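User: I have a structure to go through and I'm new to this. Can you take me through it step by step?
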Amino acid sequence: MDCLFCKIINGDIPSEKVYEDDLVYAFKDINPEAPVHFLIVPKEHIKSAYELDEAHKELIGHIFLVAKKVLKDMGIENGFRIVNNAREDGGQTVDHLHFHVLAGRSLNWPPG
């Protein structure tokens, strides 16, 4: 498979890992939009949020708990944002489900 995130998960492309377990891999974004900006990616290749079904409920809950754990370990307590872009109009640029976690500064709304 020629998927950027699958290659990162497999270690074929280097990344700065912040967390890993059986279900997900989390790493720092190479173009951060906030002082803290990392991605959480399921190890299972799922193209986008449109491909999620009932079988993925626990995975999605796990992703949010991983975000909280990593941020807590980093000492982030003032809040954070989790972003998922789905498909082209949603701004998705890599066809592998992923969640951006941003923190470390006040985040404005709407984002853009």
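Analyst: A term to start with: two strands count as paired if DSSP finds at least two bridges between them. This is a predicted model. In it, a hairpin joins β1 to β2 through three residues.

User: How many bridges join β1 to β2, and which way do they run?
Analyst: Three bridges join β1, residues 17-20, to β2, and the two strands run antiparallel. Lys17, for example, has Phe27 in β2 as its bridge partner.

User: And how many bridges join β2 to β3?
Analyst: Five bridges join β2 to β3, and this pair is antiparallel. Here Tyr25 has Val41 in β3 as its bridge partner.

User: Why is β2 largely enclosed?
Analyst: Four of its five residues are buried, so the rest of the structure largely encloses β2.

User: OK, the core. Which residues have the most contacts inside the largest one?
Analyst: Val24, Phe38 and Ile40 have the most contacts inside the largest nonpolar core, which has 17 residues. Two or more residues each come from β2 (24-28), β3 (36-42), α2 (57-73) and β5 (99-103). The largest share, six residues, comes from α2.

User: What else is there, apart from that core?
Analyst: Another core of ten residues lies apart from it, and Cys3, Tyr25, Leu39 and Val94 are among them. In soluble globular proteins, nonpolar side chains tend to be buried together.

User: Back to Phe38. What is it in contact with?
Analyst: Leaving aside neighbours within four places in sequence, its contacts include Val18, Ala26, Ala67, Leu71, Met74 and Phe99.

User: New topic: how many aromatic pairs are there?
Analyst: The structure holds three. Tyr25 and Phe27 form a tilted one, 5.8 Å centre to centre with 35 degrees between the planes. Phe64 and Phe99 form an edge-to-face pair, at 6.2 Å and 70 degrees. Phe64 lies in α2 and Phe99 in β5, so that pair ties together parts 35 residues apart in sequence.

User: Last one, His98. Where does it lie?
Analyst: His98 lies in the loop between β4 (80-83) and β5. His98 has 4% relative accessibility, and the cut-off for buried is under 20%, so His98 counts as buried. A polar atom of its side chain lies 2.7 Å from the backbone oxygen of His96. Contacts of His98 beyond four places in sequence include Phe5, Leu39, Val83 and Gln92.

Key:
Residues numbered from 1 in each chain as written. Predicted model: local features only at pLDDT ≥ 70, side-chain atom pairs only at ≥ 80, totals over all residues. Heavy atoms only, no water. Core = buried A, V, L, I, M, F, W, Y, C linked by side-chain atoms within 4.5 Å. Buried < 20%, exposed > 50% of the residue type's maximum accessible area, 1.4 Å probe, protein only. Contact = heavy atoms within 4.5 Å. Polar contact = N/O pair within 3.5 Å; in protein donor to acceptor, adjacent residues only side chain to side chain. Phe/Tyr/Trp six-rings, centres within 6.5 Å; stacked < 30°, edge-to-face > 60°.
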